[in-house]
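Below are questions and answers on the pockets, cavities and charged side chains of one protein. Look at the structure before reading on.

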Amino acid sequence: MKQPVRSTPRMPASQLLADAKHPLHTPAGLVGDTPVLWIGEPFTAAGRGFWAKLEGHNPGGIKDRTALHMVRAARERGQLAPGARIIESTSGTLGLGLALAGASYGHPVTVVTDPGMEPLMTGLLTAYGAEVDVVTAPHPDGGWQEARRQRVTELLAHHPDAWCPDQYNNPDNVAAYAPLAHELLAQLGRIDALVVSVGTGGHSAGIASVLRGRFPRLRVVGVDTTGSTIFGQPAGPRLMRGLGSSIYPGNVAYDLFDEVHWVAAPEAVWAARRLARDHYATGGWSVGAVTLVARWLARTLPPEDRIVAVFPDGPQRYVGTVFDDAYCRDHDLLGHAPAEDPDEIADPRERTVTRWTRCTRITDPLAPADRHDLVGATR
């Protein structure tokens, strides 16, 4: 029996073009316009969920945005001469962004890292033309992070024409994320709560400042790692990379945060793996930590609240760590499902936290004593 022929309605060429990506002349054009994905059941409670901004859809991750912006701004100001070398410290993701910026604008790139960088990242950076300089010993006070920064200073002395973005203190690192905030506004309209990891302070400050200007009652939730000093905890060993710090980045906008959550490595691993199984969208340490907090907010905030979590990258770089059973067993990361609710402390200086913990008093560790508490300062 002859089967009927099914035909697809012909679309006008203008509509086909409107739905297609435009051809690109530079790799910088690959950055931005990333999707948002609904994360609901079974990862969240029934009828609850949150929106995830998938920055892993950029070529290298969220820091492609700031690398391109910082390089472009430095060139426009004459701080970065044509063809001059870029030298910066990174745990990985910014290095990919700087390699992209170097390819886009014609600059050699040296990234300074430490032995904790994954072999995959070292391989990618080398493939993209960056020179990888690895420090061999942590600084006695500032750990690997301070050791990397001191090595950057040494390299700059040997390359007097080179330029360092100084991602920790460069205001261009913050300004770079305004377009991401504008994308969220276009994609979602109203936003009631924003969940962001905090490392250099760039994307948390850049996104939250724009959204708070549009939504004065926006709830901004920072996510840090145990062992990080950013929000007033003492320095400690940190397995997780991409969030947290053993120094005090100048770009952290303490006055924007309503609360902070510290998450431990096993809890982030549990969340990242569970998210991957349930929703085929995940990432590494930062994504695991952020999604654990966003999941809790989705259950505890009013159901009509619209929650956005920023996922800084995807899972590829973490195949040998977060998603590797042998690595996780060696670091005792498996079999530690997080509690349904975080611990609570009234002040970051109350005690050293070792598991998922929440605090609604935000303090700037470097502020004078009479200006120490900043929560609610702008509202």
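A salt bridge is a side-chain nitrogen of Lys or Arg within 4 Å of a carboxyl oxygen of Asp or Glu. The model is predicted, so local features need pLDDT of at least 70 and side-chain atom pairs count only at pLDDT 80 or more, while totals for chains, interfaces and linings use all residues. Residues are numbered from 1 along each chain as its sequence is written, and side-chain values use heavy atoms, with hydrogens and water left out.

Q: How many salt bridges does the count come to?
A: The rule asks for a nitrogen of Lys or Arg within 4 Å of a carboxyl oxygen of Asp or Glu. Applied to this model, that rule gives a count of 24 salt bridges.

Q: Is Arg-358 buried or exposed?
A: Arg-358 meets Glu-344 in a salt bridge of 2.9 Å, N to O. Glu-344 lies in strand 10 (residues 343-344) and Arg-358 in strand 11 (residues 357-359), so the pair ties together parts 14 residues apart in sequence. Glu-344, at 44% relative accessibility, counts as partly exposed. Arg-358 has 13% relative accessibility, so this residue counts as buried.

Q: What is the side chain of opposite charge nearest to Asp-224?
A: Lys and Arg count as positive and Asp and Glu as negative; His and the chain ends are not counted. Asp-224 lies in strand 7 (residues 219-225). Asp-224 is buried yet has no salt bridge. At a distance of 6.7 Å, the nearest side chain of opposite charge is Arg-238.

Q: Which helix gives the most to the lining of the largest pocket?
A: On a 1 Å grid over the protein atoms alone, a cavity is a set of points where a 1.4 Å probe fits but cannot get out, and a pocket is an open set with protein on both sides within 12 Å along at least five of seven lines; lining residues have an atom within 4 Å of a point. The largest pocket has a volume of about 600 Å³, a volume being the space filled by probe spheres set on the points, which are joined across faces, edges and corners. Of its 34 lining residues, the closest to the centre are Asp-114, Arg-148, Arg-238, Met-240 and Arg-241. The most, four residues, comes from helix 5 (residues 143-158).

Q: What is the volume of the largest cavity?
A: A search of the whole structure finds one cavity of 30 Å³ or more. Of the 21 residues lining the largest cavity, the closest to its centre are Ile-62, Lys-63, His-203, Gly-242 and Pro-312. Helix 8 (residues 202-214) gives the largest share of this lining, three residues. The volume of the largest cavity is about 200 Å³.

Technical notes:
Helix = DSSP H or I, 4+ residues; strand = E, 2+ residues; numbered from the N terminus. Buried < 20%, exposed > 50% of the residue type's maximum accessible area, 1.4 Å probe, protein only.
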